[in-house]
Amino acid sequence: MAYTFEIYKDKAEEFRVRFKYNSTIMFSTEGYSSKANAQNAIDSIKENGPGAEVVDNA
């Protein structure tokens with residue numbers, strides 16, 4: 001299993017983060033003005049994500 005975070009620049013020149021499983025994009029973040037802010041988003045997901053509640057609105 002290859003889970004990865006990928007920081008990239010979008011068409012608006014903002015930094016975004018993709019979370020991928022192999023080559024499949026699982027989700028992408030909002031745009032950030034700096035690469036450091038994108039890295040902070042990754043750090044926050046890693047720290048807070050494992051205990052996140054699942055809300056089923058279906």
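Predicted model: local features only at pLDDT ≥ 70, side-chain atom pairs only at ≥ 80, totals over all residues.
I counted two strands as paired if DSSP finds at least two bridges between them. On that basis I found an open sheet of 3 strands in the order β1-β2-β3, with antiparallel pairing. Because β1 and β3 (24-28) stand at the edges with a single partner strand each, one side of each is left without a neighbour in the sheet. The twist averages 35° from one strand to the next.

I then went through the pairs in turn. β1 and β2 run antiparallel and are joined by 7 bridges, whereas 4 bridges join β2 to β3, again in antiparallel fashion. In the second pair I noted that arginine 18 stands opposite serine 28 in β3.

The β2-β3 hairpin has 2 residues between its strands, with asparagine 22 in the turn at a positive phi of about 55°.

I looked next at aspartate 10, which I placed in the loop between β1 (3-9) and β2. I used relative accessible area with a 1.4 Å probe and protein chains only, calling a residue buried under 20%, exposed over 50% and partly exposed in between. Aspartate 10 is buried because its relative accessible area is 14%.

For polar contacts I required a pair of N or O atoms within 3.5 Å, where within protein one must be able to donate a hydrogen and the other to accept it, and where residues adjacent in sequence count only if both atoms are side-chain atoms. A polar atom of the aspartate 10 side chain lies 2.8 Å from the backbone nitrogen of glutamate 14. The side chains of aspartate 10 and arginine 16 are joined by a polar contact of 2.6 Å.

**Entry: salt bridges**

I counted a salt bridge where a side-chain nitrogen of Lys or Arg is within 4 Å of a carboxyl oxygen of Asp or Glu, and the structure holds 4 of them. One of these joins glutamate 6 and arginine 18 at 3.1 Å, N to O. This pair links distant parts of the chain, with glutamate 6 in strand β1 and arginine 18 in strand β2, 12 residues apart. Glutamate 6 is partly exposed at a relative accessible area of 26%, and arginine 18 is partly exposed at 23%.

Lysine 9 and glutamate 13 meet through their side chains in a salt bridge of 3.4 Å, N to O, and lysine 9 counts as partly exposed at 46% relative accessibility. Aspartate 10 and arginine 16 also meet in a salt bridge, 2.6 Å from N to O, and arginine 16 is partly exposed at 23%.

**Entry: helix and core**

I turned to α1, which lies across β1, β2 and β3 and runs at about 160° to β1. For this I used axes fitted as lines to C-alpha atoms, over the stretch in contact for helices, with angles from 0 to 180 degrees between N-to-C directions; contact means heavy atoms within 4.5 Å.

I took a nonpolar core as a set of buried Ala, Val, Leu, Ile, Met, Phe, Trp, Tyr and Cys residues joined through side-chain atoms within 4.5 Å. The largest one has 6 residues, namely Phe15, Val17, Tyr32, Ala38, Ala41 and Ile42. The elements giving two or more residues to this core are β2 (15-21) and α1 (35-48), and α1 gives the most, with 3 residues.

Key
Residues numbered from 1 in each chain as written. Heavy atoms only, no water.
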